[in-house]
Amino acid sequence: MKSKQKFQIQKIEVHKFLRELFGRETTTFDLLAIIISSGSFAGLILMIKWNADITVIKKIILTILALDIGGGIVANFTTGTNIYYAESLRKRYIFVLFHLLQPSILIWIFPSELIAILGVSLFTLTSSIIVLRIKKHYNQRIIAVTLLLLSIFLSTLLNYTDPLTKMIMQLFSIKLILAFSVNWDSTDKTETTTENKTTTR
């Protein structure tokens, strides 16, 4: 039992070049979860697209994209990543805007999915910015879940010719709207307590 608890709380200092992914520090437990989710999604992509009629370069880039999205969803829920981005709203905006790149790559790989990818990505990025601007964390979470559901509904209505592309875009929405844009390491109650202590001093 003690070894399990140690496994979950054992801190790992993250190299400065990887802090945008894992924060300043992470745990063995969190790191393992990120590796499993990213590796599983990349493996799924390779299995489905191994014999697909696309170039080897596109398959490699698609696999790297799957690693980023699969691992990024879990990473964005972790305390280390949450605290790192909570330090600066500017960092959060840059992170969201950087994710214009992923849909652009998908459009390059699957040009026939242009309208569907563009529609969901624009909705996702706009929703992420809306959630980032909400101060109360309870409201932030509820609105994020609502916008995520709307994104999934939109994804269902759009005319994807490839089910895999549709799943990638739905995971993209989860990663940005719910996992990243919500500050999971803070609550309105703890913030109020901190503010009260500061005022008393």
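Lining residues have an atom within 4 Å of a point. Grid points are joined across faces, edges and corners, and a volume is the space filled by probe spheres set on the points.

I noted the ground rules next. This is a predicted model, in which local features need pLDDT of at least 70 and side-chain atom pairs count only at pLDDT 80 or more, while totals for chains, interfaces and linings use all residues. Residues are numbered from 1 along each chain as its sequence is written, and side-chain values use heavy atoms, with hydrogens and water left out.

**Entry 1: the chain**

I looked up the secondary structure and found 11 helices and 2 strands. Helices (H or I, at least four residues) and strands (E, at least two) are DSSP runs, numbered from the N terminus. I read the order from the N terminus as α-β-α-β-α-α-α-α-α-α-α-α-α.

I then checked burial. Of the 201 residues, 39% count as buried. Buried means under 20% relative accessible area, exposed over 50%, and partly exposed in between (1.4 Å probe, protein chains only).

**Entry 2: the second largest pocket**

I noted a volume of about 280 Å³ for the second largest pocket. Its lining has 15 residues, and Leu89, Leu132, Ile134, His137 and Gln140 are the closest to its centre. Helices α5, α6 and α9 (137-157) each give two or more residues to this lining. The largest share, 3 residues, comes from α6.

I sorted the lining by class: 6 nonpolar, 5 polar and 4 charged residues. For these classes, Ala, Val, Leu, Ile, Met, Phe, Trp, Tyr, Cys and Pro count as nonpolar, Asp, Glu, Lys and Arg as charged, and the others, Gly among them, as polar.

**Entry 3: the largest pocket**

I found about 500 Å³ of space in the largest pocket. It is lined by 25 residues, with Leu21, Asp68, Phe95, Phe98 and Lys175 nearest its centre. Which helix gives the most to this lining? It is α4, with 9 residues. By class, the lining of the largest pocket has 15 nonpolar, 6 polar and 4 charged residues.

Asp68 and Lys175 form a salt bridge, their closest N and O atoms being 2.9 Å apart. A salt bridge is a side-chain nitrogen of Lys or Arg within 4 Å of a carboxyl oxygen of Asp or Glu. This pair joins distant parts of the chain, helix α4 and helix α10, 107 residues apart. Is Lys175 buried or exposed? Lys175 counts as buried because its relative accessible area is 2%. Asp68 is partly exposed, at 29%.

**Entry 4: the other salt bridges**

I counted 3 salt bridges in the structure. Lys49 pairs with Asp162, with the closest N and O atoms 2.6 Å apart.

Lys91 is partly exposed at 23% relative accessibility. Glu87 is partly exposed too, at 47%.

**Entry 5: the cavity**

I found 1 cavity of 30 Å³ or more. Its lining is Ile45, Leu46, Lys49, Trp50, Lys59, Leu62 and Thr63. Helices α3 and α4 each give two or more of these residues. I sorted them into 4 nonpolar, 1 polar and 2 charged.

**Entry 6: the surface patch**

I looked at a nonpolar patch of about 510 Å², made by Val56, Ile57, Ile60, Ile64 and Trp108. Patches are made of residues with over 30% relative accessible area and no salt bridge; like charges are joined within 9 Å, nonpolar side chains (Val, Leu, Ile, Met, Phe, Trp, Tyr) within 5 Å. Accessible areas come from the Shrake-Rupley method with a 1.4 Å probe; for residues, only the protein chains shown count as cover.

Helix α4 (residues 56-77) gives the patch its largest share, 4 residues. Ile64 lies in helix α4. Ile64 counts as exposed because its relative accessible area is 51%.

Note on methods
1 Å grid on protein atoms, 1.4 Å probe; cavity = no way out; pocket = protein on both sides within 12 Å on 5 of 7 lines; lining within 4 Å.
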